[in-house]
Amino acid sequence: MATGRSDLPLTVVDGVSRDAFGIMAPGWTTLRFFPSMKSQFEKESLDAELSIWRSDGLKLLHYGDGSWNAPGAVHAAKDVYVPWLQTRSGVAHMLTSQCQRLGIQIQYGTTAVDFKETDEKAIVAIEIGDEVTHVEADIVVAADGVGTKSHAHVSGQSAKATSSGYSIFRRIVPLEFIEKEFSLRILEKFFSGQRPEFRIYLCPPDAHANIILSKEFFSYALTYKDPNYLEKDAKESWNATVPTDVVVEKFSKLDPDLLDVLRVIPNESIVDWTLRWRDPQPKWTSDGGRVVQLGDSAHSFLPTSGNGATQACEDALSLATCLRIARKGKERVATKVHNKLRFERVATIQKFGFMTRSSLHTIDLKLAREKPEILRDMLVMPEWIWGHDPVHYALGNYKEAEQHILEGAPFHNSNLPQGYTYEPWTVAGEMEKEANRGSGEI
Ligand SMILES: Cc1cc2nc3c(=O)[nH]c(=O)nc-3n(C[C@H](O)[C@H](O)[C@H](O)COP(=O)(O)OP(=O)(O)OC[C@H]3O[C@@H](n4cnc5c(N)ncnc54)[C@H](O)[C@@H]3O)c2cc1C
């Protein structure tokens, strides 16, 4: 039974949220040009080593660094060391500090509620408190996440979300709390080396746990098949929480020491995030070209793809490059060229998230113990993902893609797996394939 405690902060260590994610090299291709941001990035990154474990605590494979840091690999972010993980707060802090240095104003507490455009300008309606004001611009970038209100204007229909049948429990536990509660026993067991650890625990049937062990916190991200997903009202939100006992029971076969830490987490402070899928929607730019969606508002990802934030950053780099090439007066074409350059790549990587989750949940553990290298093959991130430079790609392909948009000339994207031609897919189709045990082939 969970005892629960009231003095454990929710996701806060030293006053900042420390949830972690991984943004791969393609998201950092221009970081070298911004030395202050780069040094903040290096300070905030978690240089973790990856390993794969059986749920009860048997180590199956030491994976180490990401493939992009293997000897001889050349990734897309020149002169930047890109480890597996960054903290969300660290990246947010890095970006807002850069805006301050450049005098770019950020206004908080505003909600974009409607998008429109004329031939000359885009107009976004913004709610501040009870007041709605209208702001005009050459283009508006709707980078407002999965709940964006821009679909009505951009594609004329909402992006319907389907539950994947899976949910993820998430919780950060500050290390000082573990020290206080468990003395050194747990720390000695989990900290063998100097570097942070990123562990994946395989938890059959149909679950896996990502645990980050750092000098500041333990982070739990526990993905499980949720039999009640149709009835329950869980949300894509950091505010949907569950009783601690529910989590402990669901992951009762996890390493007992990791469970002990979970047990003392206060009730209703573990986030339960329903994993939802949306069919890839190819149209991110309005007919008039003045409103363009970017990041999750255009394409949401399953966390197992490890790519949502990376693709949002790639979008930003690509869009900025297209606008730079087009210059003022031709921005309406630039947004469409950007869409053309990006959609097929993003939709292919979205599909990749199905594969990874499916593999992690169905792997034969006996086989994995005998031949741990199959785990490496399963998790390896291909070079076409981490080696891609979205700025370089936009510079090299803008003209041809523009001719495609304006004159219907043929254009083929080359930012996909070698030899692969994109074929439209749907969530329903992928789920059916998975049910037949053939999911996710790219
Ligand atoms: C549990 C979980 C784990 C994940 N792990 C990873 C990972 O390891 N690697 C990875 O690459 N990705 C990961 N992702 C995905 C990643 O977090 C998202 O893809 C990424 O944050 C998308 O960035 P975004 O800027 O498009 O949207 P968001 O990060 O959602 O940002 C949208 C912003 O818009 C604001 N906003 C919302 N509505 C409005 C409005 N109407 N008006 C004005 N502003 C608004 C929001 O407050 C927010 O600041 C994970 C996601 C989840 C849920």
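A backbone N or O atom of A112 lies 2.7 Å from a nitrogen atom of the ligand, a polar contact being a pair of N or O atoms within 3.5 Å; within protein, one must be able to donate a hydrogen and the other to accept it, and residues adjacent in sequence count only if both atoms are side-chain atoms. The model is predicted: local features need pLDDT of at least 70, side-chain atom pairs count only at pLDDT 80 or more, and totals for chains, interfaces and linings use all residues. Residues are numbered from 1 along each chain as its sequence is written, and side-chain values use heavy atoms, with hydrogens and water left out.

**Ligand surroundings**

- There are 21 residues around the ligand (a heavy atom within 4 Å of it), and A112, R170, D296, G308 and A309 come nearest.
- The side chain of R88 places an N or O atom 3.1 Å from an oxygen atom of the ligand.
- At N307, a backbone N or O atom is 3.5 Å from an oxygen atom of the ligand.

**Domains**

- The assignment for the protein chain, with bounds from an automatic or database domain assignment, gives domain 1 (12-51 + 64-102), domain 2 (111-160 + 279-435) and domain 3 (162-277).
- Between the C-alpha centres of domain 2 and domain 3 the distance is 29 Å.
- Contact (heavy atoms within 4.5 Å) takes 17 residues from domain 2 and 15 residues from domain 3.

**Interface of domain 2 and domain 3**

- About 1500 Å² is buried between domain 2 and domain 3, with 71% of it on carbon and sulfur atoms; buried area is the accessible area (1.4 Å probe) that two parts lose on being put together, summed over both.
- L302, L360 and H361 account for 35% of the area that domain 2 buries against domain 3, more than any other three residues.
- The count of salt bridges (a side-chain nitrogen of Lys or Arg within 4 Å of a carboxyl oxygen of Asp or Glu) between domain 2 and domain 3 is 0.
- Across this interface, 2 residue pairs are in polar contact, both at pLDDT 80 or more.
- On the side of domain 2 that touches domain 3, α9 (331-362), α11 (373-379) and α14 (427-435) each supply at least two residues, and α9 gives the most, with 4 residues. Helices (H or I, at least four residues) and strands (E, at least two) are DSSP runs, numbered from the N terminus.

**Backbone features**

- P204 and P205 are joined by a cis peptide bond, with omega about 0°; P205 is in the loop between β13 (197-202) and β14 (207-213).
- D79, not a glycine, has a positive phi of about 65° and sits in the loop between β6 (59-64) and β7 (85-87).
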